[in-house]
Amino acid sequence: MHPLRKQRLQLVILIVVAASVVVGLVAYMLGQNANYFYTPSQIAAGEAPGGVHIRAGGMVVAGSVKRAPDSLDVQFTVTDGTSLLVIKHSGILPDLFDEGEAAIAAGTVDDNLVLQATEVLAKHDEKYTPPEVADAMNQAYERKQKQNQEQYAQ
Amino acid sequence: MNRLLNWSPSWQWFHRLGSPRWFYQASGRWLPWLSLLALTLLLTGLVWGLGFAPQDAKQGNSFRIIYLHVPVSFLALAGYYIMAIAGAIGLIWKMKLSYMVMKAAAPVGAALTFLALFTGAVWGKPTWGTYWVWDARVTSMLILLFLYLGILALQYAFHSNEAGNKASAILALVGTANIPIIYKSVDWWYTLHQPATIKLTSAPSMHPDMFAPLLVMIVGFYCFYTVALLLFTRAEILRRERKSVWVRELALGGPAL
C-alpha cells in the first residue's frame with residue numbers, strides 16, 4: 001500500500017475508534033437514565049423519585065386486574081419476579097393489555113407506593129406464534145398442570 | 001507517472017472499479033437482472049407474508065407489518081455501513097466513484113429509515129397503544145435519520161464536490177458509532193421496543209411458517225436496495241462527469257455503451 005494511503009487509512013480508523021469511544025462513554029454514563037421505565041424492584045427499593053412523572057413496567061400478575069363496574073377505573077399489579085407494584089388507572093387499556101403480558105404505565109408513585117397512571121402501554125415480546133400453535137401449547141400446559149395436580153392429590 | 005508505476009497488479013481490479021465510465025457500463029448490464037430478482041422476491045414475499053402466513057395469536061393481522069418493518073430497518077442500518085465504507089474508501093484512495101456511491105446511499109438510507117420509523121408507528125398504535133415513544137431504540141433510530149439527512153445536507157452545503165465529499169465522509173464515519181447502539185439498545189436498556197426476533201446466534205423466536213416469507217422479504221429488500229443504490233449512483237455519475245466526452249456522446253445519442 002502506498003504510504004500516503006496507509007496514513008489516510010490510519011486516520012479513518014482513528015476517526016471511527018475515537019467516535020465509538022466517545023459515543024460508547026456517553027451511552028455508558030447515560031446508563032440507567034436511558035431506561036424507558038423503572039422495574040417494581042427499583043420502585044420498592046426507593047430508586048424511583050416520588051411525586052414526579054415516571055414510567056414503571058413489568059408483567060401483569062394473573063388475576064390481579066380489577067375493573068370498576070360503573071367507570072373506566074382499573075387496578076392491576078405488575079411484577080418483575082421479585083417485587084410487586086400496584087397500578088391504578090382511569091381510561092381505556094390497549095388491546096394487547098392482558099394478564100401474564102408485559103405492560104408499562106406512566107404516572108406518579110404516591111406515598112403508599114401505588115402508581116397513579118395517566119397512560120398504560122402494552123409491551124409486546126419478540127415471539128410470534130400462529131393461533132393454532134398457541135392453543136396447542138396452552139392445552140399441553142394445562143394438561144401438564146392437571147397431571148401435576150393429580151399427582152399431588154394421590 | 002511514478003505513482004502509476006508503483007501500483008501493484010493485484011490492485012488493478014480495484015482501480016478499474018473506480019472508473020465511473022466502466023461502472024456506468026457494467027451496472028447498466030446488471031440492473032435488469034437485479035431489478036427482476038428484486039421484483040420477484042418482493043412480490044413473492046409480500047403475497048406470501050400478507051396473504052398466506054398464519055396470523056399472530058396475540059396481535060392478529062397487525063403483526064404482518066413486520067414483513068416491511070424488519071427488512072427496511074435491516075437495510076437502514078446496513079446501508080449506513082455501506083455509505084460509511086464508501087466514504088472511507090473515498091478518503092483513503094481518493095476514488096471518485098466511491099464518493100458518488102456514498103452520496104447515493106444517503107437519500108436511499110434516509111428513505112428506508114423513515115419507512116422503518118413510520119411502519120413502527122403504524123404498528124405501535126394497535127400494539128403498544130401509542131404511535132411514538134422516546135425509548136432508546138426509537139430515539140437512536142431517529143438519530144440515524146438525522147445522520148442521513150445531515151450527510152445529504154452537507155453534500156449540498158459546499159460549492160466544490162471535493163470539500164463536500166470529505167466533510168460528508170467524516171460525518172458518515174463518526175456516525176457509525178450509532179449503529180451498534182441502535183442494534184444493542186433493546187438489550188442494554190429497558191425499552192418499550194421488544195428485543196430482536198431474528199438473532200445470529202440462535203433460532204428465530206418466530207414460527208417457521210411466519211419466518212420463511214420474512215426471510216424472502218429481507219433478501220428481496222437487499223436486492224431492491226442494490227437496485228436503488230445503483231440508480232442513484234448512475235445519476236450522480238452522469239451529473240459529475242457531465243463534461244467528459246463519453247457522457248456527452250451518451251447524451252447526444254452517440255454509440256451505445
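A residue counts as buried here if 20 or more other C-beta atoms lie within 10 Å of its own, as exposed if there are 12 or fewer, and as partly exposed in between, with C-beta atoms placed from the backbone. The structure is a predicted model, in which local features need pLDDT of at least 70 and side-chain atom pairs count only at pLDDT 80 or more, while totals for chains, interfaces and linings use all residues. Residues are numbered from 1 along each chain as its sequence is written, and chains are lettered from A and ligands numbered from 1 in the order in which they are written.

Within its own chain, H4(B) packs against H8(B) (residues 178-188) at about 160 degrees, the axes lying 10 Å apart. Axes are lines fitted to C-alpha atoms, for helices over the stretch in contact, and angles run from 0 to 180 degrees between N-to-C directions. The pair is therefore roughly antiparallel (under 35 degrees is roughly parallel, over 145 roughly antiparallel, 65 to 115 roughly perpendicular, the rest oblique). H4(B) passes H8(B) in a left-handed crossing, meaning that the near helix is turned anticlockwise from the far one by less than a right angle, with clockwise being right-handed. Leu77(B), Tyr80(B) and Tyr81(B) of H4(B) meet Ile179(B), Ile182(B) and Tyr183(B) of H8(B), where contact puts C-beta atoms, placed from the backbone, within 7 Å. By class, this contact has six nonpolar residues, no polar ones and no charged ones; Ala, Val, Leu, Ile, Met, Phe, Trp, Tyr, Cys and Pro count as nonpolar, Asp, Glu, Lys and Arg as charged, and the others, Gly among them, as polar.

H4(B) (residues 66-93) also reaches across to chain A, where it packs with H1(A) (residues 3-30) at about 145 degrees, axes 8 Å apart. This crossing is right-handed. Here Arg5(A), Arg8(A), Leu9(A) and Val12(A) meet Ala88(B), Leu91(B), Ile92(B) and Trp93(B), a set of six nonpolar, no polar and two charged residues.

Across the whole interface, 34 residues of chain A are in contact with 40 residues of chain B. On the chain A side, H1, strand S6 (114-123) and helix H3 (131-153) each supply at least two residues, with the largest share, 10 residues, coming from H1(A). That side divides into 21 nonpolar, six polar and seven charged residues.

Elsewhere in chain B, H3(B) (residues 20-52) and H9(B) (residues 208-240) pack at about 150 degrees with axes 7 Å apart, and so run roughly antiparallel. Their crossing is left-handed, and their contact has 21 nonpolar, seven polar and one charged residues.

Back in chain A, Val86(A) sits in strand S4 (residues 84-90). With 15 other C-beta atoms within 10 Å, Val86(A) is partly exposed. Leaving aside residues up to four places away in sequence, Val86(A) touches Gln75(A), Thr77(A) and Val114(A).

Technical notes
Helices (H or I, at least four residues) and strands (E, at least two) are DSSP runs, numbered from the N terminus. Two residues are in contact if their C-beta atoms, placed from the backbone, lie within 7 Å.
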